[in-house]
Amino acid sequence: MVLREVPSLQAGVSAMTRRETTSSSITRECTDAGPILSITPESGLADELMDIRCWGLQPGQMVTLTAKVHTENGKYEYQASGQYRAAGDGTVKVQTDPSLGGSYQGVEPMGLLWSQQPVAEVAHKRPRLVKFDVTRPFTYTFELHDGQGGVLASKVVERTYVADYVERIPVSTGEAEGVLFLPEKREGSDPLPFIVDMKGLLMRLVVDRAALLASHGFAVFAFDYFRPRRLKTNGENVYVDSQAFLDVINFVREHPRLDADRIGVTNSCFGGTLMLHAVTRLQLPVRCMVAAGFSPLLFAQVGWKNLDGSLIEPAGPTSALFMKWKDEMDDWWLTINFQGVFDSMKCFNDALPPVGNLICPILAFRHEDDRFMPTARLTTELVKQMEEAGKGYLVDLHSLPGTGHFLECPYHAINTTSGLYDPREVTIGQTRLYYTDYGGEDITQGAKDQEFAWRKIINFFRKHLEVKEMYRNDWISD
C-alpha cells in the first residue's frame, strides 16, 4: 500500500481534461448590444467543465463575474464572485485567466461554482446546498458586472445530476429499498456493471452521487438503508437487517440487464460503516470498493442484525461518543468525541468488521480536515489492520488535505458547517436540529480534492468492473 497525496495547488488545472469549444459564432468585437457573456454548455451535467468567456470589453477593463443559485426549497441563496482584468483584445477567459479577487483567486475554471457560499443575509443559519431531486437541475444565474456594479451581461445555466439517457427506477425488493439509475442500452454495454451507493445516516435519501455515476455508464443503486419504519428495533437501538444486502445481490442476479459478476460499492459516513460490515460478514460477491470518510465502528444507536437473527450491539454509551454545547448565539452544536470513538473500538470488538475477510481492491480516501469525525485516523487504522491481516496490497490510499467530512461531487459548493439531526434523537422520534463543523476550511484545496477523487473513482470502477461501452469520454485517464 502506498499513500499518495492530491497534486498541489501549483500543479494547476492543466491535468484536467478541457472542453474544446467553438467560438466562431461569437463576435470578438464590441457590438451595439454591449459586452457578451458566453457559457458552454448552457445545460450540462454537474461534473462537466464549463467554458466561461466574455467578449467586447475594453482592454485592461476590470470586471466582476458572479454566479448565484438557490437551495431547492428556494429559502437560501448562494453566491460566488471572481474579479478579472480583460486582455488586450477585450476578452476574459475564465479557463486560463486568473481571478484577482472575490470568492477565489488564481486560475480556477470552475471557481464560480465550487466557491459558492450562503449570502450574508442567511449565512448565520448555516444552510447546506444539497441536490435531493435529481430530476430537476440547479439553475445558476451568471452576471458580468462593471467596476461600478452595473450588469453588463447575464446568462442562466442549468447543471443536472442525471443524464437524459439514464432512467430513474424506484426499487423495493425483500428488505431492501432504494433507487436504481439505469443507463439505456448501447451496443455492447449490456449486461451493465452494478454499483451500490450508500450515503450517510440521513432521514432522506440523497442520490446525487449515484445519479452522476450512472451518467458515466454504470448501473447504480442508491441504497435507502435507513428508514425507521422498517428498521428492526428493541427500543433504544435500531438494527440494519443484513438480509437487505443479500436482497440487493439477488435483485442484480435476476435483472436481465445487470451483471452479478461485476459489482462495486461506494459509500460515505455511516453508509461506509454498514457496507464494510456487509462485505466482510456476508462474503458478498463484490469486485471493488471505494471507502471515503467513514468509521468502521457501529454506533449512534444503530446496530446490525445477522442472518440468524442475532444482534450486534452498537458501541456505547452514546453519551460518551457525542458532545453538545451552546454558542454565544444560543445555538446548539453537536460533534463526536474523537477519543470516545477510539476507546469504544478497544471495548466493543463485535461492533467492528472482520476486515481480514476482505478480498477485493479498495480505493480509500483519507479526509485530512474532517472536524466532525476522526475519519483520517480511522482510515489509517483500517489500512493498518488490513496490512496486519496480509491484505495491505488491496488498498490504494490517497490523502485529501482540504477535505472535511463530506467529499462532494465535483464543482459542488463545499459546505464547511451546516445543520445536523442528532442520530440518537432521530432514532427515537425527536427532531432537534444542531449545527456541526464538518471541516474542509480550505475550499480551494477541497475543490482540487473533489476533482482528483472523482477522476480516481471513475477510473477505478472502469478498471475493476471492466466497462465494455463508453458513455462519456471526459474524466477518463489512461
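Two strands count as paired if DSSP finds at least two bridges between them.

**Ground rules.** I am working with a predicted model, where local features need pLDDT of at least 70, side-chain atom pairs count only at pLDDT 80 or more, and totals for chains, interfaces and linings use all residues. Residues are numbered from 1 along each chain as its sequence is written, and side-chain values use heavy atoms, with hydrogens and water left out.

**Overview.** I found eight helices and 26 strands in the protein. Of its 478 residues, 59% are buried (under 20% relative accessible area; exposed is over 50%, partly exposed in between; 1.4 Å probe, protein chains only). I also looked up contacts (heavy atoms within 4.5 Å): among those with a separation of 6 or more, 71% are between residues 24 or more positions apart.

**Strand β17.** I started with β13 and β17, which pair in the parallel sense over six bridges. Asp 197 stands opposite Thr 266 of β17 here. Then I followed β17 to β18: these strands run parallel too, joined by two bridges, and Val 265 faces Met 289 in β18. How many of the ten residues in β17 are buried? I noted nine, so strand β17 (258–267) is mostly covered by the burial cut-off.

**The crossover.** β17, α4 and β18 make a right-handed β-α-β unit (with the strands pointing away from the viewer, the path from the first strand over the helix to the second runs clockwise). Cys 269 lies in helix α4, which spans residues 269–282. Its phi is near 50 degrees, a positive value in a residue other than glycine. Is Cys 269 buried or exposed? I have Cys 269 as buried, because its relative accessibility is 16%.

**Another positive phi.** Ala 300 has a phi of about 60 degrees, although it is not a glycine. I placed Ala 300 in the loop between β18 (288–292) and β19 (302–305). Ala 300 counts as buried because its relative accessibility is 3%.

**Cis peptide bonds.** I wrote down two entries here. The bond from Thr 40 to Pro 41 is cis, with omega near -5 degrees, and Pro 41 lies in the loop between β2 and β3 (43–45). A cis bond also joins Asp 190 and Pro 191, with omega about -5 degrees; Pro 191 is in the loop between β12 (176–183) and β13 (192–198). A reminder to myself: most residues other than glycine have a negative phi, and most peptide bonds are trans.

Three strands form an open antiparallel sheet in the order β2-β4-β7. The edge strands, β2 (36–40) and β7 (92–93), each pair on one side only. Two bridges join β4 (51–55) to β7, and Arg 53 has Lys 93 as its bridge partner in β7.

**Asp 369.** Where does Asp 369 sit? I found it in the loop between β23 (362–367) and α6 (375–388). Asp 369 is buried, because its relative accessible area is 16%. Its side chain reaches the backbone nitrogen of Gly 440 at 3.0 Å, and that of Glu 441 at 3.0 Å. Leaving out residues up to four places away in sequence, Asp 369 touches several others, including Pro 401, Thr 403 and Tyr 438.

Terms used: Helices (H or I, at least four residues) and strands (E, at least two) are DSSP runs, numbered from the N terminus. A polar contact is a pair of N or O atoms within 3.5 Å; within protein, one must be able to donate a hydrogen and the other to accept it, and residues adjacent in sequence count only if both atoms are side-chain atoms.
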